[in-house]
Structure formats: structure tokens, C-alpha cells
Amino acid sequence: MVKNIKLISVVFLVIVSFFILLKGLNKTNNYSPNLNSSKIDFNFKAKFLYSDEETTLYELINDKDFSIINIWASWCLPCRDEHSFLLNLKSLDKLNIIGINYKDNEINAKKFIKELGNPYSKIVVDPSGVNSIELGAYGVPETILINNNSKTILKKYIGPLDDEKFAELKLIIKNEN
Amino acid sequence: MKIKILIFIIIWLVSFFNFSYADNSEKVDQISKNLRCLICQGQSVYDSQSDFALSMKILIQNKIDEGKNDEQIYDFLKSKYGEWIVYDPEINKNTVLLWVLPLILFIFGGILILRKVSIK
């Protein structure tokens, strides 16, 4: 009897731990861009890069039907890579691209824009990084697609844009309406 | 005598100011120790010096200054970054096994021991 219980318990434990580990394999917990709440329930203040005026998030996402908020910095190399995609997106009529300059030096940021072109209709600065945290960002670069009318986040990309993400962005903007 | 009283009052005021300051930053430490630094490997926000963690600490300080309590700050961050950001997992259908399994094993072990004792 005792022998039996030992055997059963060992088998039971092995089976349970097997399934726990199996379940763990399918789930990647760090870096989950899943949105818990897509509703924009915050309204931060930020200063413009090219003037000393302050603005709020709601003011920024007021024009047109969609906004892309792109978090970038001149010291961030992947931001350079994705810049051409942003310049490309600029041509879409329904879309407004807003840049958040993350923890950057003002002179370098302006140089970056001068060198690579300006896809943004407005650029605000985030010297302490707090505004990016309010947006639920992890770092740079990060791109958030917002529906301006419903004030909801449609899509969020962590890391630089590439061909695949670019195509997906265009498709979402085309289909939503 | 008057000067002594004056000095005493000044020191008393200064110490009071320091106390209130220390109290506040301790609170940031306490909250940030319970938060996982999402872009670091196995570090809390408190331990990390990454840009993400530094910003997070400023944000927590701002929220405290706004008069938010611990619960509200955790809830805010959970709504932005998900359950994963807090070290203390809530009981829900995904984590129920995590909470219940040790209890089951404990009871199972207890039964084993009891059986062994009663057989002898």
C-alpha cells in the first residue's frame, strides 16, 4: 500500500509539473504588447520641441481621424531605421503623426530631424520619460496608433517599424471607419 | 536664552522638513520594490538604473505628490503594463494553480505522514 502511494504521488507530481512547464512554454510573459485597456484615460502635459508652449495629449490627437504617436530619440539607432517608414506614412490623409522626443538633447533632436526629414506634424519633448510611461511605453522606439474619434488605442508596436508592421498599419487605417 | 530657543526652533523645523522628505522617497522605494522592471532581466524597478526604471520612479513620485495612494498607483500601472508588472500576482484563473498547488502538496504530504505513522 505504502509503495503504491509513493508511486502514485511521484507520477502525479511528474504529470502536474509536465503540464505546468508545457503551458509555460507557450506563454512569453516579458514583452507583452497586449493592451489591457485600449481607452485613453490620461491627459498629460508636454512641451513642444520647436516652441516653449505647452500642450496636452487631447489637443495633440484632435486633428484628422487617426494619430500615430511615435516615441523616438536621436540617440536611438533603430529610430533611424524606422524613420523612412514614418516619412512614408506621412502621405496618408487621414493620419496625423505625433512625435514624442524621449530623454533627448534638444540640439541633437533638431539635428536628427534636419538630417532625416520631419514626418511629424507636431513634436513634443519628454525629458523625464514620464509621459511615455503614461502611454504605457517600454522605451524607444515605440509606435502607437490611435483612433482620434473614439480616443482608443488601436495598435501598439514595441521596437522599430518594418515592412510587415508598416503594411499592417496601413491596412488597419484603411479598414477602420 | 532667547538665542538658544531660536536655534532650537530652527533645528526643530529643519528636522521636520527632512522627515517629511525622507518619508516620501521611502514610499517610492517601497512601491518600486514591488514592481518588475519590464525591460531588465530579473530586476525590480527599485534596483534598476535603466531609463525605463528611472522614469517609473519619477512617475511614482509624481503620483504620490498628487495624493494617490499605493493601491491607485499599482492599479494605474497594471492598466498600462498588465498584471506582469507587479511581483505579487492576483488570484485569477491563470494564477489559481500557483496559489493552490503548495496547499495541495502540503495537505498531500500531511496525509502521507499520517498514514506512515498510523501504519507503524
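I read the elements of chain B from the N terminus on and noted the order α-α-α-α. I counted four helices and zero strands in chain B; helices (H or I, at least four residues) and strands (E, at least two) are DSSP runs, numbered from the N terminus. The radius of gyration of chain B is 24 Å, well over the 14 Å that the globule rule gives for 120 residues, so chain B is more spread out than a compact globule. I note that this radius is taken over C-alpha atoms and that the globule rule is 2.2 Å times the number of residues to the power 0.38.

The model is predicted: local features need pLDDT of at least 70 and side-chain atom pairs count only at pLDDT 80 or more, while totals for chains, interfaces and linings use all residues. Residues are numbered from 1 along each chain as its sequence is written, and chains are lettered from A and ligands numbered from 1 in the order in which they are written.

**Extent and domains**

I looked up the span of the C-alpha trace of chain B along its principal axes and found about 85 × 40 × 25 Å. The domain assignment divides chain B into domain 1 (2–88) and domain 2 (89–120); such bounds come from an automatic or database domain assignment. The centres of these two domains of chain B, taken over C-alpha atoms, are separated by 37 Å.

Buried residues make up 14% of the 120 residues in chain B. A residue is buried if 20 or more other C-beta atoms lie within 10 Å of its own, exposed if 12 or fewer, and partly exposed in between, with C-beta atoms placed from the backbone.

Which residues of α3(B) are buried? I found Ile73(B), Leu77(B) and Tyr81(B). Seen down the axis of α3(B), these buried residues fall within an arc of 45°, so they line one face of the helix; the arc is that of the directions from the helix axis to the C-beta atoms. An α-helix has 3.6 residues a turn, so residues three or four places apart point the same way. On the other side of α3(B), I noted that Glu71(B) and Gln72(B) are exposed. Just after α3(B), Gly82(B) takes a positive phi of about 90°.

**Contact between the chains**

I noted that 18 residues of chain A are in contact with 19 residues of chain B; two residues are in contact if their C-beta atoms, placed from the backbone, lie within 7 Å. In chain A, α1 (2–26) and α5 (130–134) each supply at least two residues of the side that touches chain B.
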